Amino acid sequence: MSATDDSELRGRVRRLLEFLRETVGAQSKPIRQYGTDARVEWLFDDARPLDVNTDVAPGDVAVRIPRTSIEQPPGLPAELEKHIDESTTPPTVKAKAPAEAHEWLHAWAEWSLDDRERRPFAELFRSVDLMLHDLGTQPESLELVIASGYLDATIGDQRVATHLITQQASISREDSTGDLLVTVAPASTPRLEDVQILLDLHGFDRAGSKSLHRSLSELVSSSLSADIPRLLGQWSSAALKQPLTVIADHDKPVSSTADTLRMSPALVLRKRGSYALASYYEAMLAALDAGAPVPVGLSQLVETHEDNTRRDWLESHVSDTPSAEPLFPLPANRAQAGIYNRVMNDTGVVVEGPPGTGKTHTIANLMSALMAQGQRILVTSEKAQALRVLKDKLPAELQDLCVSVTDMARGGSAELDESVSTIATRKAAFDATESARKIRSLAAKRMGTKERRYKLTKQMSLARSSEAEIHTFSPTYSGTLASIVTTLNSQQDELGWISGPLHTETAPVDNATFASLFTNEQAPSLPTADEIRSLFARAGTASGSMFDDIDPVQLQYILPSAKALTDRVRAIESFGPHYTALADAILSGALGTLWSRAQTVSAMLSVAVSSDAAVGSHRVTTQVTTRQALNSFDALAKLYESGSFDATRTSSEHVAVDGLDARATVDGTDATQATELRLVVSHLRALVAVDDAAHLLRSIGIELPIDPADSREQQVDTLRTVWNQVLATGSIATARDELVGALGAVVPSLPPVTTLAEAVALADDITALSGGSDASTARDELTNLAERLTSDPTAPDGLADAIRSGDIDDYERLVSYVQPQNNNTDLLDALADHAPTLARALSEDTTIDWSAFAPAFTRAWAWRWTKQSIEAAQQPDQNDNLDAELDALDHEISSLTAQLAAEQAWQECLQRMTSREVTALRAYQENMSNAGLGTSSLAQRYRVAARAAMQDGQIVVPAWVMPIAQVSVVDSAAAERVRRCHRRRSQPGRDHQYVPDVVGAARHRRRG
């Protein structure tokens, strides 16, 4: 039995934890009713209904607070003040008041109605905006939660009116709209806080709720889940001795709901308590009771251990999963990521290798990643030159975060002066809200760039594979793209005479039929009587429309809206009949709230895209893709990531996954590691988001065309395409309203436009008003036709005069005398359906001997079809710049990573810095500079003063870079241990770089 498993030692550690827990509990006062210390905004209030995502997952947006402002009432002109009584609400018009007073009162009434609707939203926006501000200025003392399970009852003799279930959340502002987005904290789980609220109250049974505490995070993923009411019912039966009325209603509670427990979710800003610390002690005690081994870190508090005891324990508890994604601004490989994982889980790590293998490069990456997480670092070496090389290796954005104390010669260190001055200056100008906004912006840009890189690598893979793929565009042309293009180029002169585009793969006629077009004498080509009648009408008649009186100048402002509406209609018609029906429903308002609910598909698409990007190029397969599977695998992944599971026991998370009877693989192997399980979770989250979106789209009549055999990427791409088409369809209402609004100032009354057909008719009527230019075009066509017939000896006498005089009856009689001599017109019409450009050239270009091309017509058709197919599929040179694009994206990711790491590190550094610590840094700078100038006795005095100043100042510096000779300023004893370690490790012929245990001890998380 190891020392850490000794029963007597276990009891001593347990008593220590109990003492610490009770100490924290004694300092914490339970908050049983919301008062001035908390700010509450109910999420479901009939006065201001919000679109709340009750299926939200950690990291997703739960609710959007629209940006709303309060408009001022219409001003009362001074000349009307004597006619209006403003002492009443609403104001009243006095007797014998002029018409202007009644008009003002009407405007005031319209404002009042609008204000009644807007004011609740404006007040909510203002309240949540203030929450955002307070969280930014007081992050250490305030927290935001989404709460549910509102308990309104008297327990024992204490009145309780608060929520039992909470989950961490955050607020951000959307740059494009100004809306406030409430997001569930990533990796957070709902918490049941009954113990903190009801402990020591008569009637509360703590043991009764113990099982719910353990299973809450397994059963629901958010405090808004639809399963919460069922859990509340179980809790009330198990934890309370008195009966409660459990209500599943989400609405804001009313005053007469005593002795009730209801869902009633709310956004709550409250002071941070000490319960989190108490819960940590509770978790430690629970782990000890469950038989978990005593951690060496705890056992060392009550008993001294040999070094090998600590080393053995660490080796058995190292986790391969880091606490967060490392922000490596320089290129990194798996070995470097593994070093980061070890550093995050140990206090001593050795990295060794011959010169040029990237040790300094690795240390620079580690420094960047650790500073971005708020860690503090000491880097030391025997030689100052090695430290300068390391600091130069850091990106410029991070160098100012490192206080460098190298070569402290006479006059002090210029590097130290610059670093200390920069930190003090940044502190003076620090804005926590702006820093948080910049971090969110950089993180979003970095994620977007990484997604673009992933898509580019997929494109490169496809491009490379397509170079060797065999394509068959027609029986004549088969092979790789390169070979087919070579063949096409060699036949350009012989077969390239047919102009594209072609609409069918097979030629509509054979060579002989094509040749017959040029063997017979052509009869004169004359317009039909109906065509001439249409030209006469266009040349001189009005439409009789209600829009005929629109002024031409006004028309120029209206026409763009009509054309935009026509373009929208044509686009919707191209999508298919389901989208046409959707457009009709949108225009008529038949969808009602269904259309508003469907807008949440945007959030679901965002989840699907980000989750798909998280999986990247890994091949993930799962036999079950339900939300239950997602929750089960997510819980199992969190268990593995925490490193707290016991391999000898079957956890509830394993049981839940095994119950699915669903195998999950990553890249062909079973998912058994934390990183693999996280990929499975991302894979499932993308598929579940697509499925949820499909249900919403089905409610508005749109089916998502997804085959169960489709890959995750295909399903996400299909959802993206369909949603873009739905959004394009939804824009038809905006286009209609713009046109109706433009016409409203000109036409007093318009018929309602409630269908796509009516929208087309309205747009066509407006477009037809441009007939002023159309009439001129028609007259020119008639004149040109008359002149052509006059010079044509085969045309009947008088035909041109009939056109000039506008005698349609005479024209119809004369044109009937002309009999066609062959069926070339019908043949050309058929050819025009398949190759319009070729048909037009045959009719108009008489300089070419087309009959000479007839023997090769079908071969030329196959040549043109193959060429246009290749051009449509892929330009031969479109992939030439992919490598350069990939390099550019890698450079951009590196730059964004450096900026993000620096901004996070500055935020961590400056948030914890006080004015006293700024003063201490400057005092340290001055005394160390003076120490280099003074005599031996004075130098020692200045060093003592510098050491005293650094007791306050060193805590805020993210990274110290100094030779071993200077480490004594930080900690003399520590410096001596570093020297001994160097003397012990430095051997001729061997090159070691390492992080000794003293450095690990100097690295710790931010205070509090």
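Leu762 sits in helix α27, which spans residues 756–768; helices here are DSSP runs of H or I with at least four residues, strands are E runs of at least two, and both are numbered from the N terminus. With a relative accessibility of 8%, Leu762 counts as buried (buried is under 20% relative accessible area, exposed is over 50%, partly exposed lies in between, using a 1.4 Å probe and protein chains only). Leu565 is 197 residues away from Leu762 in sequence, yet their C-alpha atoms are 9.2 Å apart in space.

A word on the ground rules: this is a predicted model, where local features need pLDDT of at least 70, side-chain atom pairs need 80 or more, and totals for chains, interfaces and linings take in all residues. Residues are numbered from 1 along each chain as its sequence is written, and side-chain values use heavy atoms, with hydrogens and water left out.

Now for helix α15, residues 481–490.

| Side of α15 | Residues |
|---|---|
| Buried | Leu481, Ile484, Leu488 |
| Exposed | Ala482, Thr486, Ser490 |

Zooming out, the chain has 39 helices and 21 strands. Of its 1008 residues, 43% count as buried. Among contacts (heavy atoms within 4.5 Å) with a separation of 6 or more, 74% come from residues 24 or more positions apart. The accessible surface of the chain is about 52100 Å², and carbon and sulfur atoms hold 51% of that, by the Shrake-Rupley method with a 1.4 Å probe.
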